[in-house]
Amino acid sequence: MFPGTTILNYVFWMAMGLIQALVVAGVYEWLKSFQKTVTWWQMGLIYGCFLSFCAVVAGGFTLVGEFESHGGWYFIGYLGVPHVIAMAILVKLFVFKKAQA
């Protein structure tokens with residue numbers, strides 16, 4: 001992924017894992033601080049979208065690391081943008097929903 005280096009690959013993957021762990025662990029507490037109630041299947045959809053986005057980023061950077069830079073950036077762009085849009089829609093539908101009267 002980072003040609004010619006020995007440590008940056010490991011640092012990148014450790015940072016990626018740390019971010020995933022913090023997001024998965026922190027979203028529930030973040031929602032609880034705003035008194036939001038989200039069911040388990042809604043959180044499952046949000047986590048699934050986030051983890052698949054992380055897989056897209058990992059795949060794109062793997063292509064970049066194999067000297068297919070254009071393919072990697074297109075991979076992230078064409079598959080990452082729909083993931084971000086889907087994630088925004090899920091958050092709008094499930095997290096920022098209006099209170100039921």
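The following legends describe close-up views of a predicted model.

**Figure 1. A nonpolar patch on the surface of the model.**
The residues shown are Ile-7, Leu-8, Tyr-10, Val-11 and Met-14. Together they have about 520 Å² of accessible area. One of them, Leu-8, lies in helix α1, which covers residues 8-33. Leu-8 has a relative accessible area of 39% and is therefore partly exposed, since it falls between the limits of 20% and 50%.

**Figure 2. The aromatic pair of Phe-12 and Trp-13.**
There are four aromatic pairs in the structure. In the pair formed by Phe-12 and Trp-13, the ring centres are 5.0 Å apart and the planes make an angle of 80°, an edge-to-face arrangement. Phe-12 is buried because its relative accessibility, 19%, is under 20%. Trp-13, at 38% relative accessibility, is partly exposed. Phe-12 and Trp-13 also belong to a cluster, linked by ring pairs, that includes Phe-61 and Trp-73.

**Figure 3. The aromatic pair of Tyr-74 and Tyr-78.**
The ring centres of Tyr-74 and Tyr-78 are 5.9 Å apart. Their planes lie at 20°, so the pair counts as stacked, the cut-off being under 30 degrees. Both residues are in helix α3 (residues 69-94).

**Figure 4. The largest nonpolar core.**
This core has 16 residues. Those with the most contacts inside it are Met-16, Val-27, Leu-31, Met-43, Ile-46, Met-87 and Leu-90. Helices α1, α2 (40-65) and α3 each give two or more residues to the core. The most comes from α2, with seven residues. In soluble globular proteins, nonpolar side chains tend to be buried together.

**Figure 5. Contacts of Leu-90.**
Leu-90 is among the residues with the most contacts inside the largest nonpolar core. Leaving aside residues up to four places away in sequence, Leu-90 touches Leu-45, Ile-46, Cys-49 and Val-95. Of these, Ile-46 is also listed among the residues with the most contacts inside the core.

When residues up to four places away in sequence are not counted, Gln-42 touches Phe-94 and Lys-97. Gln-42 and Val-95 are 53 residues apart in sequence, and the distance between them is 9.0 Å, C-alpha to C-alpha.

**Figure 6. Trp-40 in helix α2.**
Trp-40 is exposed, since its relative accessible area of 74% is over 50%. Trp-40 and Phe-53 are 13 residues apart in sequence. In space they are 20 Å apart, C-alpha to C-alpha.

**Figure 7. Ser-52 in helix α2.**
The relative accessible area of Ser-52 is 27%, so this residue is partly exposed. Ser-52 and Ile-85 are 33 residues apart in sequence. Their C-alpha atoms are 13 Å apart in space.

Technical notes:
Residues numbered from 1 in each chain as written. Predicted model: local features only at pLDDT ≥ 70, side-chain atom pairs only at ≥ 80, totals over all residues. Heavy atoms only, no water. Patch = residues over 30% accessible without salt bridge, like charges linked within 9 Å, V, L, I, M, F, W, Y side chains within 5 Å. Areas by Shrake-Rupley, 256 points an atom, 1.4 Å probe, with all protein chains shown as cover. Salt bridge = Lys/Arg side-chain N within 4 Å of Asp/Glu carboxyl O. Helix = DSSP H or I, 4+ residues; strand = E, 2+ residues; numbered from the N terminus. Buried < 20%, exposed > 50% of the residue type's maximum accessible area, 1.4 Å probe, protein only. Phe/Tyr/Trp six-rings, centres within 6.5 Å; stacked < 30°, edge-to-face > 60°. Core = buried A, V, L, I, M, F, W, Y, C linked by side-chain atoms within 4.5 Å. Contact = heavy atoms within 4.5 Å.
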